[in-house]
Amino acid sequence: MEEWYHYVLLIVVGFVVGFINTVAGGGSLISLPVLIFLGLPPSVANGTNRVAVAIQNTMATAGFKSKGVSTYPFSIYLGVSALFGAILGAYIAVDIKGETFNRILAIVMIVVVLIIVFKPKIKLEELQERVVGKHLWIGVLAFFFFGIYGGFINAGLGFIIMLFLHYVNQMTLVRANATKVMVVLIYTLAALAVFVLNDKVYWSVGLVLAIGNGSGAWIASRFSVKKGDGFIKTFLVIMVVAMAIKLWFFN
């Protein structure tokens, strides 16, 4: 990290990743390899990336709120549950080969695409949010386990969160997005604390990356509200397919 253009690269990559993560997910599959390419050890790259993700989701949450989209307090309940899972996930050492893990995740991503494409359509006017009672508790339980994965590596989790909120809690994709960024912000702060305590964060790199992530997230959050569910669904399908191809063929 001695060349000036490395920092320019980080801002550009961060902007793209922030936009992708806010509208869909999977952006960390871009930023993590870039950080490793620039010389950071994988564990430090993972921790450093959390700095940018935290800023990204702070900006995304502010962007959605500026457009009048908020799911408080539902998002807080899910976020707190995910926070405890993320603390556990950040400490977990998974004994599995990277290639095997990537291919399993690729299969999961293909299943996500099939759900998006072939799941019976829910008309927006027929959606009735289910965010209290048993559906709240189902969400709290599910997000604890989402948090474990989020604390471990996080890449690709945004897809699963959005589908869960859309089909289980019957949120529009725009409101699911707003919920996702708040939840990810909360559990990322917990995971980041673990990485900081273990000296796995390169702050100068993380903060430069965060400039890009935050800018991309602000624009994406406001843009997705304007474009609506159709844009988000199309973007989701494209990104999930791209992610699955990368995981399967380009480990």
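Helix α3 (residues 42-66) and helix α8 (residues 173-197) pack against each other with axes 8 Å apart and an angle of about 145° between them. Axes here are lines fitted to C-alpha atoms, for helices over the stretch in contact, and angles run from 0 to 180 degrees between N-to-C directions. The crossing of α3 past α8 is left-handed, a term used if the near helix is turned anticlockwise from the far one by less than a right angle. On the α3 side the meeting residues include S43, N46, R50, V53, N57 and F64, and on the α8 side they include V174, N177, V181, L185, T188 and F195. By class, this contact has 15 nonpolar, eight polar and one charged residues. Nonpolar stands for Ala, Val, Leu, Ile, Met, Phe, Trp, Tyr, Cys and Pro, charged for Asp, Glu, Lys and Arg, and polar for the others, Gly among them.

The model is a predicted one, in which local features need pLDDT of at least 70 and side-chain atom pairs count only at pLDDT 80 or more, while totals for chains, interfaces and linings use all residues. Residues are numbered from 1 along each chain as its sequence is written, and side-chain values use heavy atoms, with hydrogens and water left out.

The chain as a whole has 10 helices and zero strands. Helices (H or I, at least four residues) and strands (E, at least two) are DSSP runs, numbered from the N terminus. Of its 251 residues, 53% count as buried; buried means under 20% relative accessible area, exposed over 50%, and partly exposed in between (1.4 Å probe, protein chains only). The accessible surface comes to about 11800 Å², and carbon and sulfur atoms hold 70% of that. These areas come from the Shrake-Rupley method with a 1.4 Å probe, and for residues only the protein chains shown count as cover. Among contacts with a separation of 6 or more, 85% are between residues 24 or more positions apart, where contact means heavy atoms within 4.5 Å.

Helix α3 also holds A52. This residue counts as buried because its relative accessible area is 0%. Leaving aside neighbours within four places in sequence, A52 is in contact with G206, L209, A210 and N213. From A52 to G18 the C-alpha distance is 8.5 Å, across 34 residues of sequence.

L209 is also one of the contacts of S31, along with V13, V17 and N49, again leaving aside neighbours within four places. S31 lies in helix α2 (residues 28-37) and is buried, since its relative accessible area is 1%. Its side chain is joined to that of N49 by a polar contact of 2.9 Å. A polar contact is a pair of N or O atoms within 3.5 Å; within protein, one must be able to donate a hydrogen and the other to accept it, and residues adjacent in sequence count only if both atoms are side-chain atoms.

In helix α4 (residues 74-91) sits S81, buried because its relative accessible area is 8%. A polar atom of the S81 side chain lies 2.5 Å from the backbone oxygen of V140. Not counting residues up to four places away in sequence, S81 touches V140, F143 and F144.

Y202 belongs to the loop between α8 and α9 (203-227). With a relative accessible area of 35%, Y202 is partly exposed.
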